[in-house]
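Hi,

Here is the structure I promised to pass on to you. Have a look at it first, and then read my notes below.

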Amino acid sequence: MDVLPAPTERLRFRQMTEADLRDVATLKLGGSRSPASWIEWTQRNYEKHGFGLWVIETHAGEFVGDCGLTMQEVEDEWFVEAGWHVRSPLQRQGYATEAAAAVRTAATAAGIEHLVAIIRPTNVASQRVASKIGLTLQREVHKNGGPALVFGAGLRTDESRQVQ
């Protein structure tokens, strides 16, 4: 499955490698994974699913963060999730929305039928990103030790909303 997003106006995507450890360590990843285990998990996702989180960087090569697709379980059902992390100094510049929109487009082109984003209720910025790429709040769940909001959308042409 070829799901690597095409470059955008400001960003390009590539697979994450061990050489990205120092940069990945600058991200606020949450959860219990170390930066090294985050990279290992991402690489396993590439092998198992044909997609994962990709490094996002400027066309000049500056590390911005990661954004991509992972498989996530929600109440005993598996979904393809769009996820993103942007380095703190680069937040509030539209990078997450730009990257997430490209990921949604790539997922649609690859035939993925439904996309979700699982976001903590306190993460209002990510909720805005989800809304901007056409995901709507579907439900609240308990995941990874706390409440989470599940945003989602069908990606088939007849169900898909335009990315804003």
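Let's start with a definition: a charge sits over a ring if NZ of Lys or CZ of Arg is within 6 Å of the ring centre and within 35 degrees of the ring normal. Before using it, bear in mind that this is a predicted model, where local features need pLDDT of at least 70 and side-chain atom pairs count only at pLDDT 80 or more, while totals for chains, interfaces and linings use all residues. Residues are numbered from 1 along each chain as its sequence is written, and side-chain values use heavy atoms, with hydrogens and water left out.

Now to the charges. R10 has its charged end over the ring of Y95, 4.2 Å from the ring's centre. R33 does likewise with W41, at 4.1 Å from the centre of that ring.

(Rings of Phe, Tyr and Trp, using its six-membered ring, pair if their centres lie within 6.5 Å; planes under 30 degrees apart are stacked, over 60 edge-to-face, and the rest tilted.) Because W38 and W41 are three residues apart in helix 2 (residues 35–49), about one helical turn separates them. Helices here are DSSP runs of H or I with at least four residues, strands are runs of E with at least two, and both are numbered from the N terminus.

Both tryptophans, W38 and W41, are buried, meaning under 20% relative accessible area with a 1.4 Å probe and protein chains only (exposed is over 50%, partly exposed in between). Other buried residues of helix 2 include I39, T42 and Y46. The buried residues of this helix pack against strand 1 (11–15), helix 1 (21–24), strand 2 (53–58), strand 3 (63–74) and strand 4 (77–86). Just past the end of helix 2, G50 takes a positive phi of about 85°.

Leaving out residues up to four places away in sequence, Q43 touches M16, T17 and E18, where contact means heavy atoms within 4.5 Å. A polar atom of the Q43 side chain lies 3.3 Å from the backbone oxygen of M16.

Enjoy exploring!

Note on methods: Polar contact = N/O pair within 3.5 Å; in protein donor to acceptor, adjacent residues only side chain to side chain.
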